[in-house]
Amino acid sequence: MKLGSFDYILQPAPYAEIEAAVERAAGKVREAENQRRYNAYAKYRGEDENAEKEPDKTEQTPIQRAMTYIRRNIDKDLSRAEIADAIYLNPEYLSRLFKKETGASLNDYIVTEKMRAAQSLLSDTNIPVSLIATKVGYSNFSYFSQVFKKYTGMSPVEYRAAKRRSKL
């Protein structure tokens with residue numbers, strides 16, 4: 001038990017008891033894997049439960065609020081108007097301000113964050129690529145693959161395989 005066993009069964013044991021113990025162990029393993037996947041995804045989105053609470057909205061600049069909104073809603077098909085509305089700015093003003101302060105366009109930043117999220121999910125989980133596309137806000141899988149390849153130089157499947165090889 002001290003070594004981390006799931007259960008202790010005295011022999012001879014009925015088959016049903018052994019089967020139930022194996023099912024409980026498999027359930028705990030699945031639960032641990034699901035928790036690990038959730039933590040990897042939450043870590044990317046900045047929702048790590050160990051992280052400090054986000055500063056009050058009034059303490060953040062409009063650009064910081066926009067970036068936070070984008071990270072928290074990475075699974076949506078985000079638009080400039082939606083982001084501007086969420087942080088109470090005019091869409092054109094937000095775009096100009098974002099470009100001025102970061103040097104990148106708002107749309108480029110959104111794509112970059114989506115691709116970073118996809119890279120994290122491809123590296124740290126076994127989630128199917130089509131589901132990862134949905135989790136980062138792409139409803140069209142082939143378009144996601146095209147954007148991902150343009151961003152990384154590899155298809156999502158090639159990227160995952162390369163990351164797996166480098167971890168070995």
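Is tyrosine 138 buried or exposed? Tyrosine 138 is buried, because its relative accessible area is 11% and buried means under 20%, exposed over 50% and partly exposed in between, using a 1.4 Å probe and protein chains only. Keep this residue in mind, as we will come back to it.

First, a word about what you are looking at. This is a predicted model, in which local features need pLDDT of at least 70 and side-chain atom pairs count only at pLDDT 80 or more, while totals for chains, interfaces and linings use all residues. Residues are numbered from 1 along each chain as its sequence is written, and side-chain values use heavy atoms, with hydrogens and water left out.

Now step back to the whole chain. The protein chain has eight helices and zero strands; here helices (H or I, at least four residues) and strands (E, at least two) are DSSP runs numbered from the N terminus. Of its 168 residues, 32% count as buried.

Where do the nonpolar side chains gather? In soluble globular proteins, nonpolar side chains tend to be buried together. A nonpolar core is a set of buried Ala, Val, Leu, Ile, Met, Phe, Trp, Tyr and Cys residues joined through side-chain atoms within 4.5 Å. The largest one here has 31 residues, and Ile70, Ile83, Leu94 and Phe144 touch the most other members. Helices H2, H3, H4, H5, H6 (129–135) and H7 each give two or more residues to this core, and H5 gives the most, with eight residues. Leaving aside neighbours within four places in sequence, isoleucine 70 is in contact (heavy atoms within 4.5 Å) with Leu78, Ile83, Leu106, Tyr109, Ile110 and Glu113.

Let us follow helix H4, at residues 91–102. Its 12 residues reach 16 Å from the first C-alpha to the last, close to the 16 Å expected at 1.5 Å a residue; the expected span is 1.5 Å times one less than the number of residues. Just after the helix, glycine 103 takes a positive phi of about 85°. The buried residues of H4 are Leu94, Ser95, Leu97 and Phe98, and they pack against helices H2 (62–72), H3 (80–86) and H5 (106–124).

Back to the aromatic rings. A search of the whole structure finds five aromatic pairs; rings of Phe, Tyr and Trp (its six-membered ring) pair if their centres lie within 6.5 Å, and planes under 30 degrees apart count as stacked, over 60 as edge-to-face and the rest as tilted. The rings of tyrosine 138 and tyrosine 143 are 5.8 Å apart at their centres with planes at 50°, so this pair is tilted. Tyrosine 143 is partly exposed, at 44% relative accessible area. Phenylalanine 144 and phenylalanine 148 form another tilted pair, 5.9 Å centre to centre and 45° between the planes. These two phenylalanines lie in helix H7 (residues 141–152), four residues apart, about one turn of the helix, and both are buried. Tyr138, Tyr143, Phe144, Phe148 and Tyr159 form one aromatic cluster.

Helix H5 also holds glutamine 119, which counts as buried because its relative accessibility is 18%. Not counting residues up to four places away in sequence, glutamine 119 touches Phe148, Tyr151, Thr152 and Tyr159.
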